[in-house]
Amino acid sequence: MSSLPTPGPADDAAPDGTRVSSAPASSEPRSLRIEDWLTVIVMALLALITFANVLVRYFTNSSFAWTEELSVFLMIVLALVAGSAAVARDRHIRIEFFCDSGSAARRRRLAQLGALLVAVLFAVIAVLSVRVVWDDYRFEETSPGIGVPQWWYSVWLPILSLLITWRAIGLLIRRTRQPDVEFLGNDADDDGERQP
């Protein structure tokens, strides 16, 4: 009795009985559920708040005062969460002329440099924004629209900046461990146009 499982659509059995995977190995982390679920939740909240405000404005000729403040906060959270997912998926902004030209080693080193710079930038933002949160808490600042403590909003900047830093460090580690040939193979899989 063979202990090998039956090959599925992504796996093919070689003539000697070994399994060969025909699916390309993804360099994307599997733990992106945090960002994906936060995106879904924030988008749903934004849609519900906007829909409720439209209904109230239509039927009463007035609107909820708190919707603008909360919507701006949610859009900032959405931008930071999407930035984290973009960094983790290696989809952050870059100039393709410089990043996609040259040898495989040069391209991989540029990818490593980009991930390192993103990690450093958001680590600095996280550290500096802790001071902002502390000042908001210490001076008991309140938000202009609702009047809730301002630190309820500002505390998310260092937290989400640390998440982006963590994702950038993970990308840097993946790019450091990845051989040049595999790096070029992932680029070809991503675009469908670029070939090694």
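## Basis

The model is predicted, so local features need pLDDT of at least 70 and side-chain atom pairs count only at pLDDT 80 or more, while totals for chains, interfaces and linings use all residues. Residues are numbered from 1 along each chain as its sequence is written, and side-chain values use heavy atoms, with hydrogens and water left out.

## Fold

The protein chain holds 7 helices and 2 strands. Both element types are DSSP runs numbered from the N terminus: helices are H or I with at least four residues, strands are E with at least two. In sequence order the pattern reads β-β-α-α-α-α-α-α-α.

The protein chain has 196 residues, and 30% of them count as buried. Buried means under 20% relative accessible area, exposed means over 50%, and partly exposed lies in between (1.4 Å probe, protein chains only). Take contacts between residues at least 6 apart in sequence: 64% join residues at least 24 apart. A contact here means heavy atoms within 4.5 Å.

## Surface

The accessible surface of the protein chain is about 13,100 Å². Carbon and sulfur atoms own 67% of that surface. Areas come from the Shrake-Rupley method with a 1.4 Å probe; for residues, only the protein chains shown count as cover.

A nonpolar surface patch is formed by Leu113, Leu116, Leu117, Val120, Val124, Val127 and Leu128. Together these residues have about 630 Å² of accessible area. Patch members have over 30% relative accessible area and no salt bridge; like charges are joined within 9 Å, and nonpolar side chains (Val, Leu, Ile, Met, Phe, Trp, Tyr) within 5 Å. Val127 sits in helix α4, residues 104-138. Val127 is exposed, at 60% relative accessible area.

## Second largest pocket

The second largest pocket contains about 240 Å³ of space. Its lining has 14 residues, and Phe73, Ile76, Gln150, Tyr153 and Ser154 are the closest to its centre. Pockets are found on a 1 Å grid over the protein atoms alone: a pocket is an open set of points with protein on both sides within 12 Å along at least five of seven lines, the probe is 1.4 Å, and lining residues have an atom within 4 Å of a point. Grid points are joined across faces, edges and corners, and the volume is the space filled by probe spheres set on the points.

Three helices each supply at least two lining residues: α2 (67-88), α5 (151-154) and α6 (156-177). The largest share comes from α2, with 6 residues.

## Salt bridges

The count is 5 salt bridges. The rule is a side-chain nitrogen of Lys or Arg within 4 Å of a carboxyl oxygen of Asp or Glu. Glu35 and Arg167 form one, at 2.8 Å from N to O. Glu35 is in helix α1 (residues 33-60) and Arg167 is in helix α6, so this pair ties together parts 132 residues apart in sequence. Both Glu35 and Arg167 are buried. Asp90 and Arg175 form another, with the closest N and O atoms 2.6 Å apart. Asp90 lies in the loop between α2 and α3 (96-99) and Arg175 in helix α6, so the pair ties together parts 85 residues apart in sequence. Asp90 and Arg175 are both buried.

Helix α4 carries a further pair. Asp135 and Arg131 meet in a salt bridge at 3.5 Å, N to O. Asp135 and Arg131 are 4 residues apart in helix α4, so about one helical turn separates them. Arg131 is exposed, at 53% relative accessible area. Arg131, Asp135 and Arg138 are linked in a salt-bridge network. Arg138 is also in helix α4 and counts as partly exposed, at 41% relative accessibility. Arg138 and Trp151 are 13 residues apart in sequence, and their C-alpha atoms are 9.4 Å apart.

## Selected residues

Asn61 and Asp90 are both non-glycine residues with a positive phi: about 60° for Asn61 and about 60° for Asp90. Asn61 lies in the loop between α1 and α2. Asn61 is exposed, at 71% relative accessible area, whereas Asp90 is buried, at 12%.

Asn53 is in helix α1. Asn53 is buried, with a relative accessible area of 12%. Leaving aside residues up to four places away in sequence, Asn53 touches Ser63, Phe64 and Thr67.
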